[in-house]
Amino acid sequence: MPSHDFRAPRLFVDAPLAQDARVPLDRDQSNYLGNVLRLAAGAEVLAFNGRDGEWQAAIEGRKRPDGLVILQQTRPQDRLADLTCVFAPLKHARLDYMVQKAIEMGAAALQPVLTRFTQASRVNTERMRANVVEAAEQCGILSIASVAEPVPLERFLSQRPADRLLIFCDEAAEVQDPIQGLQAARETGRGIDVLIGPEGGFAEEERALLLRQPRILRLALGPRIMRADTAAVAALALVQAVLGDWNGKSA
């Protein structure tokens, strides 16, 4: 993996990036660079857009930063493993945490699903997208994960491709070695969906529906009950270590 400069500020910009291109900054970006980081014209940052890799860029502007001039590429664009974090939404800070950690763990997509015991009735997907961008900026990630609108669990299951592996993190499953179970599912077909349920668990009819799905792996996450945000981190770590890109393989 190419080395990453963790000292330089990183900025996500929704614009094409190429040498000598000029990219305008919006008000929030200008405020962040000028008033928060105290950077002036000529200072250098790293810019990325999720498509064209990462680029060294210099700030332009007289009184305040109002644009970037793109200098040279520092890293080529990569591609995330085909890994979707599917979860029952949580409230406020815990949802922020789950989203940020899923991005750090390498999820390529986030899909909220509504279950019988889902705690949060409203999902702010714009806030989720902002958390995705912030996590990518802070952690040197080049790709921006997609954020889907919430759908009922039944609809999600009916619409997902049947050849994707569904990893169902089930607190009612018999506790066995999760690594062994994942190793038995190495041939993953068209990617992996990791499903984390709500704090109250799945209703029995939901569990029955899940267990009827093709290419499903029912996974216990040890002998203790975890909070949903913790379970997401634990499950994604296991999946990435055995089936994902932590070992040079991709989902």
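Of the 251 residues in this chain, 49% are buried; keep in mind that you're looking at a predicted model. Show the cartoon and you'll have 7 helices and 12 strands to click through. Zoom out, and the C-alpha atoms fill a box of roughly 65 × 35 × 30 Å along the principal axes. If you draw contacts between residues at least 6 apart in sequence, 74% of them join residues at least 24 apart. Colour by charge next, and you'll pick up 30 positive and 32 negative side chains, the centres of the two sets lying 2 Å apart.

Next, select Thr 84, in strand 6 (residues 83-87). Is Thr 84 buried or exposed? It counts as buried, because its relative accessibility is 11%, and the cut-off is under 20%. Beyond its neighbours within four places in sequence, Thr 84 is in contact with Ala 109, Gln 111, Arg 164, Ile 192, Asp 193 and Val 194. Stop at Arg 164: its side chain makes a polar contact with the side chain of Thr 84, at 3.5 Å.

Last stop: select residues 228-242, which is helix 7. This helix has 15 residues and reaches 21 Å from first C-alpha to last, close to the 21 Å expected. Its buried residues include Ala 228, Leu 236 and Val 242.

Notes
Residues numbered from 1 in each chain as written. Predicted model: local features only at pLDDT ≥ 70, side-chain atom pairs only at ≥ 80, totals over all residues. Heavy atoms only, no water. Helix = DSSP H or I, 4+ residues; strand = E, 2+ residues; numbered from the N terminus. Buried < 20%, exposed > 50% of the residue type's maximum accessible area, 1.4 Å probe, protein only. Contact = heavy atoms within 4.5 Å. Polar contact = N/O pair within 3.5 Å; in protein donor to acceptor, adjacent residues only side chain to side chain. Expected span 1.5 Å × (residues − 1). Lys, Arg positive; Asp, Glu negative; His and termini not counted. Charge placed at Lys NZ, Arg CZ, Asp CG, Glu CD.
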